[in-house]
Amino acid sequence: MATVETADTAVAEESGVRRRDFINIAAVSFAGAGAVATVFPLVNQMNPSADVLALSSIEVDISAIEAGQSIKTSWRKQPIFIRNLTADEISQANAVDTAGLRDPETLADRTTPGKENWLITLGVCTHLGCVPLGAAQGEIKGEFGGYFCPCHGSHYDTAARIRKGPAPTNLVVPEHEFLSDTVVKIG
Amino acid sequence: MSFPWAKEYTPTTDFGQWMDKQLPLPRFIYNSVGAGYPAPRNLNYMWNFGSLAGLFLVVQIVTGIILAMHYAANANIAFDSVEHIMRDVNSGWMIRYAHANGASFFFIAIYLHIGRGLFYGSYKAPREMLWLLGVVIYLLAMATAFMGYVLPWGQMSFWGAKVITGLFEAIPLVGKPIQELLLGGFAPDNAALNRFFSLHYLLPFVIAGVVIMHIWALHIPGSNNPTGVDVKGPQDTVPFHPYYTAKDGWTIGLALIFFTALMFFLPNALGHADNYIPANPLSTPAHIVPEWYFWPWYAILRAFTFDFLFIPAKLLGVLAMFSAILVWFFLPWLDKSPVRSGNFRPKFKIFFGILVIDVLILGYCGGAPAEEPFVMISQLAAAYYFAHFLIILPLLSRMEKPEPLPNSITESVTGKPLNTAS
């Protein structure tokens, strides 16, 4: 082994760095970069695939929903509540002073201008993800006439804002757009 | 294990010493693939294929685990789920092509590794157990590869499963019940697909376990070398690290270049187009062939077209095919020549060359249609294959006069007698 090292040690004594050190660092760095480039697709494959993303927006016909009614539908495998608020529920929501709310938002913030009666939210309690009651006929709507989550007792008002219970924020309003008076595109 | 002059692992840090007392894993690695494992100084490139087979086993396990995240082992949707991987899953096409071609590269590495062992007599004492474990790995790899090929549930998958499980039907009396037991039905269907998937996931880890025993058995006598002469002293070896880690690293880089070139530019070159047709139990493809790495054995299977004594042709073919590999288990005791390396056996060298050509011919015939002249060529080549192991090798070891062996590895490398070599 001594013979193999001799030539290199002579150079090392002069500069402190052997040629082999450079080759070593270059080779290992290159292999490291290659490893990172390989790992990226191996991890990225776990992200939503093209067929999942293709279903990421839906169009819903809302023509049959009367004032005071709501429907549950499914968007990205999660429940969506689409609620046609009555004039009474709208004024109830607007009467609340937002300064006193845990997550201050007005009804207008949460709806489309001119379509304030259409309240579209995820049916997913912001506490731990249960589906709140109140969208289907006959279900308990909670103390504030909106939604009530039976898991841990979160009460939402007619603008689906959190009013009482452990949930940290209002029910999420997904990105949506009215394509016509009767069709809404969610996502 | 290893030689008395192997470097001792000495942890320099406090943490290293603490670790060494409680779980000497760094010591284990140091003594297995580090500076603490002396390896013969004269190993040539044929000694690089073991690490390459290991590399592709890892590629197969990693890509396989990922594919299992997206694949559905259900006869109704298996084919669609593979297309889902190809079209929808992020980089899914790449991972599947890596897995499909990784199998081929695993077998390329393993065949060259076996060929190295055959030529340099690596199966001889004191390495019989090492060889036997290697044959076990090969058999497990064949079973794994076969079951993996069934999973896409294309035409070749389905008919491959039918034909290979049909082999067991040839066993007298119990054949039919065994085939039904293996398939969980009368033809390949959901039950078979599910158990193949389960076992295809399990067996690579069994292979990894046997590989660990294989390496363990290797490290007790240490590596064979191109002269076949035993290591006699420290001057005959170099530490595994950095000498062979660097050399293995270099061929790993080369192998990955060839692998990615095939995977990106010719991903279906080694596959069969018929497997992109969903499985159809009512229609057999015109030309059924297994993957290329099974071709030599497939040729031996098909070579038996005649009944012999009271044994039907079907059973003969199956017995011959399994015997062709099982004969390797007896190889250390069939070749009694005390000289390991083919380099010093002038006649063996010639017969080894003929065997390689013979296996290549068998491989070609196995991939060709089952018609003349391939059937007759297969018959002759199969006969020679068995003659090599059962007649030629035992006779050669008695009759051949080997060339004089070098006194030591160092002498063969330097060309100088031992006492003057540095």
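Ala, Val, Leu, Ile, Met, Phe, Trp, Tyr, Cys and Pro count as nonpolar, Asp, Glu, Lys and Arg as charged, and the others, Gly among them, as polar. The model is predicted, so totals for linings use all residues, while local features need pLDDT of at least 70 and side-chain atom pairs pLDDT 80 or more. Residues are numbered from 1 along each chain, chains are lettered from A in the order written, and side-chain values use heavy atoms, without hydrogens or water.

**Exercise 1.** State how many cavities of 30 Å³ or more the model has.

Step 1. A cavity is a set of points, on a 1 Å grid over the protein atoms alone, where a 1.4 Å probe fits but cannot get out; lining residues have an atom within 4 Å of a point.
Step 2. Points join across faces, edges and corners, and a volume is the space filled by probe spheres set on them.
Step 3. The count is 4.

**Exercise 2.** Describe the largest cavity and its lining.

Step 1. Its volume is about 870 Å³.
Step 2. The lining has 41 residues; His99(B), Ala100(B), Gly148(B), Tyr149(B) and His200(B) lie nearest the centre.
Step 3. Helices are DSSP runs (H or I, at least four residues), numbered from the N terminus. H5(B) gives the largest share, 9 residues.
Step 4. By class, the lining has 27 nonpolar, 12 polar and 2 charged residues.

**Exercise 3.** Do likewise for the second largest cavity.

Step 1. Its volume is about 50 Å³.
Step 2. Its lining includes Arg302(B), Cys365(B) and Ser378(B).
Step 3. Helices H11 (295-303) and H15 (374-399) of chain B each supply at least two lining residues.
Step 4. The lining classes are 7 nonpolar, 1 polar and 1 charged.

Technical notes: 1 Å grid on protein atoms, 1.4 Å probe; cavity = no way out; pocket = protein on both sides within 12 Å on 5 of 7 lines; lining within 4 Å.
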